[in-house]
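Please look at the sequence and the structure shown here before reading on.

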Amino acid sequence: MQTPSFQESLEQYLNSLGFIRGRIEISQLTGGQSNPTFKITNGSSHYVLRKKPNGVLLPSAHAVDREYRVMKALAGTDVPVPQMLAYCEDESIIGTAFFVMEYLDGRVFVDQSLPDMSANDRREIYEEMNRTISAIHRQDYASLELETFGKPGNYFARQIARWSRQVREASIAIPDSLNKLMDWLPEHIPAGDETSLIHGDFRMDNLIFHKTDLRIIGVLDWELSTLGNPLADFTYQCMAWRIPPSLWRGIQGLDLLALGIPSESEYIAMYEKQVGRSISEHWPFLMAYNLFRISAILHGITKRAMDGNANASDAIENGAKAGALADLGWACTQQ
């Protein structure tokens with residue numbers, strides 16, 4: 001892979017900070033598609049650089065400053081995050097704002113069926129994920145000085161309105177079930193509200209596990225983190241139980257008992273035990289909301305692909321899944 005053109009400037013900057021001495025080598029890491037991510041090698045030491053993409057960006061998009069802020073705030077808590085080393089908003093260094101963090105040498109699991117693991121190990125991995133997302137939601141965001149990290153309250157109404165507006169503005173045919181969800185969801189928002197720190201994209205492949213132990217050593221990709229309703233965040237991960245592998249990153253239809261993977265109800269019960277309360281009363285709404293949200297996102301990808309603006313090579317394929325996911329969401333409303 002060609003060395004990024006910003007290497008010399010970055011090398012000088014990092015040497016000036018003192019934690020890196022001498023020459024560096026840079027290679028791009030897979031993943032982190034929204035914010036380009038690079039591995040920095042300095043002798044026997046390794047670091048990770050995460051930056052905004054080049055070019056004109058939406059004002060609130062690719063917020064590497066927010067990623068840096070939340071992971072720095074979580075240092076020393078029971079939420080495992082890499083150590084933050086430097087944040088730089090001076091675009092003259094490498095062309096965009098960026099931050100540098102600790103490199104975590106571990107394992108990332110992409111296939112949620114964990115095909116190379118034993119049944120006992122699968123169970124332990126799912127329990128560890130449950131413990132970790134619960135730990136995020138238990139954080140006192142005010143004591144972490146994150147009270148300005150988002151807007152507390154009225155989370156579902158704001159999110160439903162936002163995504164519905166984007167769907168309608170896309171000016172392409174809207175799947176029937178997505179239209180139904182946009183009408184149904186605002187009328188069925190559960191009474192009461194709560195606010196916690198939420199990750200926004202908590203899923204298996206955003207977690208780094210220890211090389212030999214079945215414990216998480218780092219939660220990554222906090223770009224979508226904010227203050228919001230923790231049940232929305234938890235249910236986002238639980239969509240996997242409703243989505244078949246043939247459609248998109250799911251485990252629905254697999255023999256979970258034989259695999260050692262907890263059922264959806266078991267996973268909910270684990271979370272309820274961690275947070276000390278029942279959450280199942282509004283589960284159909286919560287699941288319908290998250291399937292609506294991901295359908296709306298993929299609907300937008302379809303529009304960008306049609307306009308020739310989407311980066312991902314599979315943008316059209318993913319966009320076509322919007323209708324199928326909305327169908328699953330509408331089915332939840334009939335429970």
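How many helices and strands are there in the protein? There are eleven helices and nine strands, where helices (H or I, at least four residues) and strands (E, at least two) are DSSP runs numbered from the N terminus. The radius of gyration, taken over C-alpha atoms, is 21 Å, close to the 20 Å that the globule rule gives for 335 residues, so the protein is as compact as a globular protein of that length; the rule itself is 2.2 Å times the number of residues to the power 0.38.

This is a predicted model, in which local features need pLDDT of at least 70 and side-chain atom pairs count only at pLDDT 80 or more, while totals for chains, interfaces and linings use all residues. Residues are numbered from 1 along each chain as its sequence is written, and side-chain values use heavy atoms, with hydrogens and water left out.

Buried residues make up 52% of the 335 residues, with buried meaning under 20% relative accessible area, exposed over 50%, and partly exposed in between (1.4 Å probe, protein chains only). A nonpolar core is a set of buried Ala, Val, Leu, Ile, Met, Phe, Trp, Tyr and Cys residues joined through side-chain atoms within 4.5 Å. The largest such core has 87 residues, of which Tyr126, Met129, Leu185, Trp222, Phe234, Tyr289 and Phe292 touch the most other members. Helix α9 (residues 283-307) supplies the largest share of this core, twelve residues. Another core, of 16 residues, lies apart from it and includes Leu10, Tyr13, Leu14 and Cys88.

The axes of α6 (residues 230-238) and α8 (residues 264-275) come within 11 Å and cross at roughly 145 degrees; axes are lines fitted to C-alpha atoms, for helices over the stretch in contact, and angles run from 0 to 180 degrees between N-to-C directions. The residues that make the contact (heavy atoms within 4.5 Å) are set out below.

| Helix | Residues in the contact |
|---|---|
| α6 (residues 230-238) | Pro230, Leu231, Phe234, Gln237, Cys238 |
| α8 (residues 264-275) | Glu264, Tyr267, Ile268, Tyr271 |

Finally, Arg215 is found in the loop between β7 (207-209) and β8 (216-219), and Arg215 is partly exposed, with a relative accessible area of 39%. Although Arg215 and Met129 are 86 residues apart in sequence, they are 8.6 Å apart in space, C-alpha to C-alpha. Not counting residues up to four places away in sequence, Arg215 touches Glu128, Ile208, Phe209 and His210.
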